[in-house]
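Please keep the sequence and the three-dimensional view at hand while reading.

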Amino acid sequence: MSGDDLILTQTEGACLTVTINRPEKANSLTPEMLVVLTRIFQDAAHNEQLRAVVITGAGGRVFCAGADLNTLYEETDGPDLWEDMARALHAIPVITMAAVNGPCMGGGLTLALGCDIRVCIPEARFSYPVLKNNVLPGQYDVDRLQALVGPGRSAAILLGGDTVSARDALAWGLVDYMVANDSLEEICRTLCATALAASNTHLKTLKAMLGRNER
């Protein structure tokens, strides 16, 4: 399957839902998928009709397991695809939401941290095994993680390899809401409702005031 087949998009009104569609591989991301995500996020940033972007995973078992380990150590002389994808997500000027419907690991956390709001189910768990996989996270991820959970808990996740339960993630501020699995879509829709009804200019101005429209 091509990268385009592995990232699904659906627009309903002014809301774009982006679904990572590789459930047989725990929704892990290949370089081709990162390129597609970057393009989708860039297009969303310039779509004057959109008011909300929701990111989730297909299959109902895993949100995103991060990078496909078979491609993680491939050498490239080109651009940093993870950095490009993260920057494109951060630059979306309307509300962004991660509907975390299962484990969220490594680069999956890059997606979640890049969103304005994170909603998870009780079965979700969060980890960023950068030491185990001998890779470095993006600086934005480190800064955002520390801003949300503090330096000690960030160190526990990044240096200690800690896996955080959904309940602890909610208590720490890593996620904003924990809801029942069968309520996830409805709650995300409710949380987007005000933004969906807002004027484009007002929404973008307010998001910029919140400091989340980073480039």
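The account below turns to a pair of helices, then to salt bridges, and lastly to a single lysine.

The model is predicted: local features require a pLDDT of at least 70, side-chain atom pairs count only at pLDDT 80 or more, and totals for chains, interfaces and linings use all residues. Residues are numbered from 1 along each chain as its sequence is written, and side-chain values use heavy atoms, with hydrogens and water left out.

Helices (H or I, at least four residues) and strands (E, at least two) are DSSP runs, numbered from the N terminus. Just after H6, Gly150 adopts a positive phi of about 95°.

Which residues of H6 and H7 make the contact? On the H6 side they are Val142, Leu145, Gln146 and Val149, and on the H7 side Pro151, Arg153, Ser154, Ile157 and Leu158, where contact means heavy atoms within 4.5 Å. Of the residues in this contact, 6 are nonpolar, 2 polar and 1 charged. In this grouping Ala, Val, Leu, Ile, Met, Phe, Trp, Tyr, Cys and Pro count as nonpolar, Asp, Glu, Lys and Arg as charged, and the others, Gly among them, as polar.

H6 also has buried residues, namely Tyr140, Asp141, Val142, Arg144, Leu145, Leu148 and Val149. Buried means under 20% relative accessible area, exposed over 50%, and partly exposed in between (1.4 Å probe, protein chains only). The elements covering these buried residues of H6 include H3, helix H4 (107-113), E6, H7 and H8.

Attention now passes to charged pairs. The whole structure contains 6 salt bridges, a salt bridge being a side-chain nitrogen of Lys or Arg within 4 Å of a carboxyl oxygen of Asp or Glu. One of them joins Arg87 to Glu83, with the closest N and O atoms 2.7 Å apart. Arg87 and Glu83 stand 4 residues apart in helix H3 (residues 81-90), about one helical turn. An α-helix has 3.6 residues a turn, so residues three or four places apart point the same way. Arg87 is partly exposed at 43% relative accessible area, and Glu83 is partly exposed at 30%.

Helix H9 (residues 184-197) holds another such pair, Arg189 and Glu185, also 4 residues apart. Their side chains meet in a salt bridge of 3.3 Å, N to O. Arg189 is partly exposed, at 46%, whereas Glu185 is exposed, at 60%.

A further salt bridge links the side chains of Arg118 and Asp176 (3.7 Å, N to O). Arg118 belongs to strand E6 (residues 117-120) and Asp176 to the loop between helix H8 (166-172) and strand E9 (177-178), so the pair ties together parts that are 58 residues apart in sequence. Is Arg118 buried or exposed? With 1% relative accessibility, Arg118 counts as buried, while Asp176, with 32%, counts as partly exposed.

Finally, Lys132 lies in helix H5 (residues 130-133) and is exposed, with 74% relative accessibility. Between Lys132 and Cys15 there are 37 Å in space, C-alpha to C-alpha, and the two are 117 residues apart in sequence.
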